Amino acid sequence: MAEFLITITTVSSEAAAAKLSRSAVGAGLAASGQVTGPVTTTYRHLGEVCEGAEWQVVFRTTEDRVAELERHVVAEHPYDNPEVISLPILSGPQLYLDWITRATRPAGG
């Protein structure tokens, strides 16, 4: 797995997205959480094609924090079966990557 990751989820309201972003960053599981939206999502549910508005949360985290971030997002997420996927950050300025590491260290760690 990559040392640095982008973790993405979507929720049905801007308030829920902001709450999820704040809680993950506050817990030191992500260096940042960006909320964008609304975005239109097309998906299959119970055999039907549906559309809806969602807000996306994009987190920046580290390999050693991603499993805990995923557990946190799933536990705090308003959906029963949320999308929580992680993608590798293949490169970036070293100062930025160092910031991600520092921002995801437990307090006092």
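Helices (H or I, at least four residues) and strands (E, at least two) are taken as DSSP runs and numbered from the N terminus. The structure described here is a predicted model, in which local features need pLDDT of at least 70 and side-chain atom pairs count only at pLDDT 80 or more, while totals for chains, interfaces and linings use all residues. Residues are numbered from 1 along each chain as its sequence is written, and side-chain values use heavy atoms, with hydrogens and water left out.

Strands of a sheet pair through backbone hydrogen bonds, either parallel or antiparallel. In this model, an open sheet is formed by four strands in the order β2-β3-β1-β4, with antiparallel pairing; two strands pair if DSSP finds at least two bridges between them. The edge strands, each pairing on one side only, are β2 (32–45) and β4 (85–88). From one strand to the next, the twist averages 30 degrees. Strand β1 (residues 4–11) pairs with β4 in the antiparallel sense over four bridges, and the bridge partner of I8 in β4 is I85.

Helix α2 (residues 63–76) lies across β1, β3 (48–62) and β4, and runs at about 140 degrees to β3. For such values, axes are lines fitted to C-alpha atoms, for helices over the stretch in contact, and angles run from 0 to 180 degrees between N-to-C directions. Contact means heavy atoms within 4.5 Å.

Strand β3 contains R60. R60 is buried yet has no salt bridge, and the nearest side chain of opposite charge, E83, is 14 Å away. Here, buried means under 20% relative accessible area, exposed over 50%, and partly exposed in between (1.4 Å probe, protein chains only). Lys and Arg count as positive and Asp and Glu as negative, whereas His and the chain ends are not counted. A salt bridge requires a side-chain nitrogen of Lys or Arg within 4 Å of a carboxyl oxygen of Asp or Glu. The side chain of R60 does make a polar contact with the side chain of Y96, at 3.3 Å. A polar contact is a pair of N or O atoms within 3.5 Å; within protein, one must be able to donate a hydrogen and the other to accept it, and residues adjacent in sequence count only if both atoms are side-chain atoms. With neighbours within four places in sequence left aside, the residues in contact with R60 include L5, I6, A30, Q34, Y96 and T104.

T10 is placed in strand β1 and counts as buried because its relative accessibility is 10%. Its side chain makes a polar contact with the side chain of E54 at 3.3 Å. Apart from neighbours within four places in sequence, T10 is in contact with E54, W55, Q56, H77, Y79 and E83. T10 and E63 are 53 residues apart in sequence, and their C-alpha atoms are 21 Å apart in space.

Two salt bridges are present in the structure. One joins R105 to D64, with the closest N and O atoms 2.8 Å apart. R105 lies in the segment after α3 (94–103) and D64 in helix α2, so the pair ties together parts that are 41 residues apart in sequence. R105 counts as partly exposed, at 27% relative accessibility, whereas D64 counts as exposed at 53%. E68 also forms a salt bridge, with R65, the closest N and O atoms being 3.3 Å apart. E68 and R65 are separated by about one helical turn because they are three residues apart in helix α2. E68 counts as partly exposed at 36% relative accessibility, while R65 is buried, with a relative accessible area of 10%.
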